[in-house]
Amino acid sequence: ASANQTKVDLKKAYLRMKSGDSVKVRVMSPADYVEYLSHSSFTHKVYTQPCVSVIGKECALCEASKSGIEGFDVLYPRKRYIFVFADMNSGELKAIDVSKNQAKKLIADIEEYAEDLDSLAFNLKKTGEGTNTGYSLNPIIKMKGDDQEKFDSCEGLEVTDEYLNTILTPRTLELQVKTLKEAGFPT
């Protein structure tokens, strides 16, 4: 399956936002998000990445978290969520990767307007930095200028399992071990 996947530029697949930024998006359906287990520790420069143990593969990061070596217990798997929206400016699907608490807010926003998703555009707004980061979806009650045209042009976009699998790419065991070695873990 991996050999047949089309190459996706992950830098373009994800929305990169700074605090205070907002992007006009279309929510394609109320179920265009996925929960996954991830590892991360910015202290160790282990950036957010999917846990491979859930698909039956050996996960060096899980082993490091259970090793008993001081400081590496923070690498235990945590729930993360990827939401996919249609970016009205580019006309392409774009994703954001959020924590459980950030996801709760986005899910509540989507569910509040679930019946109107085919006619409402939203401003996806990011606030705060670091552990205080939050996201919200604010409905655009009246679209101005060419917003309606951009909204309509996103009509055919669909978030498929194949798309989610291409943007949620786990690291290889070799790369996990290399990352752990750079972080000072005795490999």
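# Working through a predicted model

Student: Among contacts between residues at least 6 apart in sequence, what share joins residues at least 24 apart?

Tutor: In this chain, 67% of the contacts between residues at least 6 apart in sequence join residues at least 24 apart, where a contact means heavy atoms within 4.5 Å. Please keep in mind that this is a predicted model, in which local features need pLDDT of at least 70 and side-chain atom pairs count only at pLDDT 80 or more, while totals for chains, interfaces and linings use all residues. Residues are numbered from 1 along each chain as its sequence is written, and side-chain values use heavy atoms, with hydrogens and water left out.

Student: Okay, how many helices and strands are there in the chain?

Tutor: The chain has 6 helices and 7 strands, and their order along the sequence is α-β-β-β-α-β-β-α-β-β-α-α-α. Helices (H or I, at least four residues) and strands (E, at least two) are DSSP runs, numbered from the N terminus. The C-alpha atoms fill a box of roughly 60 × 40 × 25 Å, taken along the principal axes.

Student: And what percentage of the residues is buried?

Tutor: Of the 187 residues in the chain, 40% are buried; buried means under 20% relative accessible area, exposed means over 50%, and partly exposed lies in between, with a 1.4 Å probe and protein chains only. The accessible surface comes to about 11,100 Å², and 49% of that belongs to carbon and sulfur atoms. Such areas come from the Shrake-Rupley method with a 1.4 Å probe, and for residues only the protein chains shown count as cover.

Student: Which residues have the most contacts inside the largest nonpolar core?

Tutor: That core has 20 residues, and those with the most contacts inside it are Phe83, Phe85, Ile96, Val98, Leu106, Leu124 and Leu137. Elements that each supply at least two of its residues are β1 (22–26), β4 (78–87), β5 (92–99), α3 (100–112), β6 (121–127) and β7 (134–140), and the largest share, 4 residues, comes from α3. A nonpolar core here is a set of buried Ala, Val, Leu, Ile, Met, Phe, Trp, Tyr and Cys residues joined through side-chain atoms within 4.5 Å.

Student: What is Phe85 in contact with, then?

Tutor: Leaving aside neighbours within four places in sequence, Phe85 is in contact with Val25, Arg26, Val27, Glu92, Leu93, Lys94, Ile96, Ile110, Leu124 and Leu137.

Student: Changing topic: how many disulfides does the count come to?

Tutor: The count comes to 0 disulfides, a disulfide being a pair of cysteine sulfur atoms within 2.5 Å. Cys59 is in none, and the nearest cysteine sulfur, that of Cys62, is 3.8 Å away. Cys59 is buried, with a relative accessible area of 4%, and Cys154 counts as buried too, at 0% relative accessibility.

Student: Where is His39, and is it buried or exposed?

Tutor: His39 is in strand β2 (residues 33–41) and counts as buried because its relative accessible area is 0%. Not counting residues up to four places away in sequence, His39 touches Tyr47, Thr48, Gln49, Cys51, Cys59, Leu61, Cys62, Leu75, Tyr76 and Pro77.

Student: What about Asp109, buried or exposed?

Tutor: Asp109, found in helix α3, counts as buried because its relative accessibility is 7%. With residues up to four places away in sequence set aside, Asp109 touches Ser136 and Leu137.

Student: Now the loops: where does Lys45 sit?

Tutor: Lys45 is in the loop between β2 and β3 (46–50), and this residue has a positive phi of about 60 degrees although it is not a glycine. Lys45 counts as exposed, at 58% relative accessibility.

Student: And which loop holds Gly130?

Tutor: Gly130 lies in the loop between β6 and β7 and is exposed, at 58% relative accessibility. The C-alpha atoms of Gly130 and Ser19 are separated by 9.8 Å, although the two residues are 111 residues apart along the chain.

Student: Last one: is Glu115 buried or exposed?

Tutor: Glu115 is exposed, with a relative accessible area of 76%, and lies in the loop between α3 and β6. Glu115 and Ser29 are 86 residues apart in sequence and 9.8 Å apart in space, C-alpha to C-alpha.
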